[in-house]
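Hi,

Here is the structure I promised to pass on to you.

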Amino acid sequence: TASHILDIYEQLIGPVRMTILNTDEFCYIQDPLNHETGLNHVGQRVLKEGPQSFFLNPGESIYGGIKKIFIVTSEQGLLMRAIADGEKKSGEQWIIRGPCRYVPPVEAEVVE
């Protein structure tokens, strides 16, 4: 909003900056807010891909900063490792072969 008048029961904690992701960017939201319960899912992460803009909710943070999408050519590959059980078991490794644009899921990390 452009302006807001505090209610008698409100207290200004501070401004919140908008997070903007371009087409070739992504990030992981740490401790995402569950809008149904109003509670944060502590220890969990959610993937956000650009282009989009959003505000972080109370208790949320960006894990590892805003990152660039991996552009993998036909002569390249990415060595991946599962860091949590999901599509693959934790610790399992595999290769993503190009050509492709790749965004690692929350359950995986790029090794090399």
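Let's begin with Ile 69. Leaving aside residues up to four places away in sequence, Ile 69 touches Thr 23, Asp 24, Glu 25, Phe 26, Arg 101, Tyr 102 and Val 103, where touching, or contact, means heavy atoms within 4.5 Å. Glu 25 sits 44 residues from Ile 69 along the chain, yet their C-alpha atoms are separated by 5.4 Å. You'll find Ile 69 in the loop between β7 (61-68) and β8 (70-72). Ile 69 is also buried, with a relative accessible area of 10%. For that term, buried means under 20% relative accessible area, exposed means over 50%, and partly exposed is in between, using a 1.4 Å probe and protein chains only.

Before going on, a word on where this comes from. It is a predicted model, in which local features need pLDDT of at least 70 and side-chain atom pairs count only at pLDDT 80 or more, while totals for chains, interfaces and linings use all residues. Residues are numbered from 1 along each chain as its sequence is written, and side-chain values use heavy atoms, with hydrogens and water left out.

Now the whole chain. How many helices and strands does the chain have? There are 0 helices and 12 strands; both are DSSP runs numbered from the N terminus, with helices being H or I of at least four residues and strands being E of at least two. The radius of gyration is 18 Å, well over the 13 Å that the globule rule gives for 112 residues, so the chain is more spread out than a compact globule. That radius is taken over C-alpha atoms, and the rule is 2.2 Å times the number of residues to the power 0.38. Along its principal axes, the C-alpha trace spans about 60 × 25 × 20 Å. Buried residues make up 24% of the 112 residues. Of the contacts between residues at least 6 apart in sequence, 60% join residues at least 24 apart.

Next, look at Gln 30, which is in strand β2 (residues 25-30). Gln 30 is buried, at 14% relative accessible area. Its side chain makes a polar contact of 2.8 Å with the side chain of Arg 45. A polar contact is a pair of N or O atoms within 3.5 Å; within protein, one must be able to donate a hydrogen and the other to accept it, and residues adjacent in sequence count only if both atoms are side-chain atoms. Among the residues that Gln 30 touches are Gly 43, Gly 59 and Tyr 63.

Asp 31 lies in the loop between β2 and β3 (33-34), and is buried too, at 17%. Its phi is near 55°, a positive value in a residue other than glycine. Most residues other than glycine have a negative phi, and most peptide bonds are trans.

Where are the cis peptide bonds I'd like you to check? One runs from Gly 50 to Pro 51, with omega near 5°, and Pro 51 lies in the loop between β5 (45-49) and β6 (52-55). Another runs from Gly 98 to Pro 99, also with omega near 5°, and Pro 99 lies in the loop between β10 and β11 (100-102).

Finally, Gly 91 is in the loop between β9 (77-82) and β10 (93-97). Gly 91 is partly exposed, at 46%, and touches Arg 81 and Ala 82, not counting residues up to four places away in sequence.

Cheers
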